[in-house]
Amino acid sequence: MSEENIAKINEVITHYFNTNTSIDWIPAKAIMPALIEAGVFNKDVKKGLPIRKVFRKLDLESELAKIPAVHAERRLDTIYWYLVRPGKKYAPKELINPISKKEQNLLTIQNSDEYYLVNLCDELLKQKASRKHTFDTLVGNLHKRGKGRTKLPLDAYYEDLKLVLEFFKKNEPTDKLDEKEQERKAQIKYYDQLKKKAILNKKLRLIEINYALFECNEANKLVRNTENDTLVLRGVLKDFI
């Protein structure tokens, strides 16, 4: 990007804020139409990619100050670019979670009761389970469009022991569920039957573990008394320890 074009970018930004006096900051992509009209870019791509490329290059060269209005909102996995009126500060309407969606999903899984119990089982069995293990032959119903089927995951699979663990909660009365919840409940029951059949066909051992065996709090989450929980699991897995 030439110095001349950088000067044009600054002129366009200044003109934008002079014209839109009630606005203190905007996403960088919002300035693209004006930059195209000014001849800085020929067209927009992927909602502001051309101007983001300019910012990234200047950032790598430690020359981002050449465009004073730029504000970089840095996340763990990306940078969000904004333009801020001189004398004002970027103030997001919502606090930005510094954890990406993928990382948040992973944290949710790792903090789950199931993940905690499988960790204890790994220690007792001295093996690491394949979590959410799938088999090519164990699949659900056809998708709504009639194409493709989703593989049905098993909670924990110990290949050397030929052992599958499935965790479940005490069933709720179906009369308290609405129609969609009942349909979902029926589907889960059907899929559980498919899993049992597939496990039997592969000559694997299935152990179903009810969360009710463990001490839970008012929210039906495990209290996680590791000593007691390990004792319960030792009894459940006695044939494999």
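Strands, like helices, are DSSP runs numbered from the N terminus, a strand having at least two residues, and in this predicted model the place of His133 is in strand E4.

View 1. His133 counts as buried because its relative accessible area is 18%, and buried means under 20%. Its side chain makes a polar contact, at 2.8 Å, with the side chain of Ser130. Setting aside residues up to four places away in sequence, His133 touches Leu152, Pro153, Leu154 and Tyr157.

**View 2. The open sheet of four strands, in the order E4-E7-E8-E9.** The pairing in this sheet is mixed, and its edge strands, each of which pairs on one side only, are E4 (130-133) and E9. On average, neighbouring strands are turned by 30° against each other, direction ignored. Strands E7 and E8 run antiparallel and are joined by three bridges, and Tyr157 stands opposite Val164 in E8. Helix H5 (residues 113-125) packs on the sheet, where it touches E4, E7 and E8, and the direction of H5 makes about 10° with that of E7. Helix H6 also packs on the sheet, touching E7, E8 and E9, with a direction that makes about 145° with that of E9.

**View 3. Helix H6, residues 179-201, and the strands that its buried residues pack against.** The 23 residues of H6 reach 33 Å from the first C-alpha to the last, which is close to the 33 Å expected at 1.5 Å a residue. Tyr191, Lys195, Ala198 and Ile199 are buried in this helix. An α-helix has 3.6 residues a turn, so residues three or four places apart point the same way. The buried residues of H6 pack against strands E5 (139-142), E7 (154-158), E8 (163-168) and E9 (205-210). Just after the helix, Lys203 takes a positive phi of about 55°.

View 4. Leaving aside neighbours within four places in sequence, Ile51 is in contact with Ile9, Ala28, Met32, Leu35 and Phe41.

How values were computed. Residues numbered from 1 in each chain as written. Predicted model: local features only at pLDDT ≥ 70, side-chain atom pairs only at ≥ 80, totals over all residues. Heavy atoms only, no water. Expected span 1.5 Å × (residues − 1). Buried < 20%, exposed > 50% of the residue type's maximum accessible area, 1.4 Å probe, protein only. Contact = heavy atoms within 4.5 Å. Pairing = 2+ DSSP bridges. Axes fitted to C-alpha atoms, helices over the stretch in contact; angles between N-to-C directions. Polar contact = N/O pair within 3.5 Å; in protein donor to acceptor, adjacent residues only side chain to side chain.
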